[in-house]
Amino acid sequence: MIKCYDITGTISVTCALYANGKKNKTKANAIRKTIKINEYESIMEKIFACKTDDVKPGTMKKVTMDGKEIVVTNLNGEFFACSDTCTHSGASLSEGTVDDHKIICGWHGAQFDCRTGNLEKFPVTINNLQSYTVTKESDNIMIEV
Ligand code: FES
């Protein structure tokens, strides 16, 4: 039996193979890895996020796509997308501020690089943000989720 499902961007795969009535763990693990990679690649879908005019240079906008809250940032005409949820205590980053390439959380000031999602500054180590691939098609901002 092979089962694949997507939980908020993370692929979880349950796979059990039976040979001669016995569970074959090694083979199941190999197949699980393959499925994980293939499913991850196949589920990435480019979806319309908003119009380029919706995000003026030096600003950001929250969009919800495929159940995910994402902050789109316009850095001098280039668009970037990261998870909107601060990895410290869950603030909506789009309610914070943007300073050049930095998104600054409005609650306790964590700073993330909008281009990569990486944490830039905070007194303690917290996780980076999930970042997403953005493409511009005409005046549409498309994000791979
Ligand atoms: S919730 Fe963002 S820094 Fe605390």
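**A guided look at the model**

Guide: The protein has one helix and 15 strands. Helices (H or I, at least four residues) and strands (E, at least two) are DSSP runs, numbered from the N terminus. Residues are numbered from 1 along each chain as its sequence is written. This is a predicted model, in which local features need pLDDT of at least 70, side-chain atom pairs count only at pLDDT 80 or more, and totals for chains, interfaces and linings use all residues.

Visitor: What pLDDT does the protein average?

Guide: pLDDT is the predictor's confidence in each residue, from 0 to 100. A score of at least 70 is reached by 70% of the residues. The average pLDDT of the protein is 82.

Visitor: What percentage of the residues count as buried?

Guide: A residue is buried if 20 or more other C-beta atoms lie within 10 Å of its own, exposed if 12 or fewer, and partly exposed in between; C-beta atoms are placed from the backbone. The protein has 145 residues. The buried share is 21%.

Visitor: Which residues does valine 71 contact, leaving aside its neighbours within four places in sequence?

Guide: Valine 71 is among the core residues with the most contacts inside the core. Beyond those sequence neighbours, valine 71 is in contact with Met60, Lys62, Cys82, Asp84, Leu93, Ser94 and Ile103.

Visitor: Is glutamate 78 exposed, partly exposed or buried?

Guide: Glutamate 78 is found in strand β8 (residues 78–83). Proline 57 is 21 residues away in sequence and 8.4 Å away in space, C-alpha to C-alpha. Because glutamate 78 has 13 C-beta neighbours inside 10 Å, it counts as partly exposed.

Visitor: Which strands stand at the edges of the open sheet of three strands?

Guide: The order is β5-β15-β14, with antiparallel pairing. Two strands pair if DSSP finds at least two bridges between them. Each edge strand has a single partner, so one side of each is left without a neighbour in the sheet. The edge strands are β5 and β14.

Visitor: How many bridges pair β5 with β15?

Guide: Strand β5 covers residues 46–51 and runs antiparallel to β15. Lysine 51 stands opposite asparagine 140 in β15. The number of bridges is five.

Visitor: Which residue takes a positive phi in the hairpin of β14 and β15?

Guide: Strand β14 (residues 134–137) and β15 pair in the antiparallel sense over four bridges. Lysine 136 stands opposite isoleucine 141, and threonine 135 stands opposite methionine 142. Two residues lie between the strands. The one with a positive phi, near 60 degrees, is serine 138.

Visitor: Which residues form the covered face of β15?

Guide: In a regular strand the side chains alternate between the two faces of the sheet. The uncovered face of β15 holds Asn140, Met142 and Glu144. The covered face holds Ile141 and Ile143.

Visitor: Which strands stand at the edges of the open sheet of four strands?

Guide: The order is β9-β10-β11-β12, with antiparallel pairing. Two bridges join β11 (residues 111–113) to β12, and phenylalanine 112 stands opposite leucine 119 in β12. The edge strands, each with a single partner strand, are β9 (97–99) and β12 (119–121).

Visitor: Is aspartate 100 buried or exposed?

Guide: Aspartate 100 lies in the loop between β9 and β10 (102–104). Its phi is positive, near 55 degrees. Because aspartate 100 has 9 other C-beta atoms within 10 Å, it is exposed.

Notes:
Core = buried A, V, L, I, M, F, W, Y, C linked by C-beta atoms within 7 Å. Contact = placed C-beta atoms within 7 Å.
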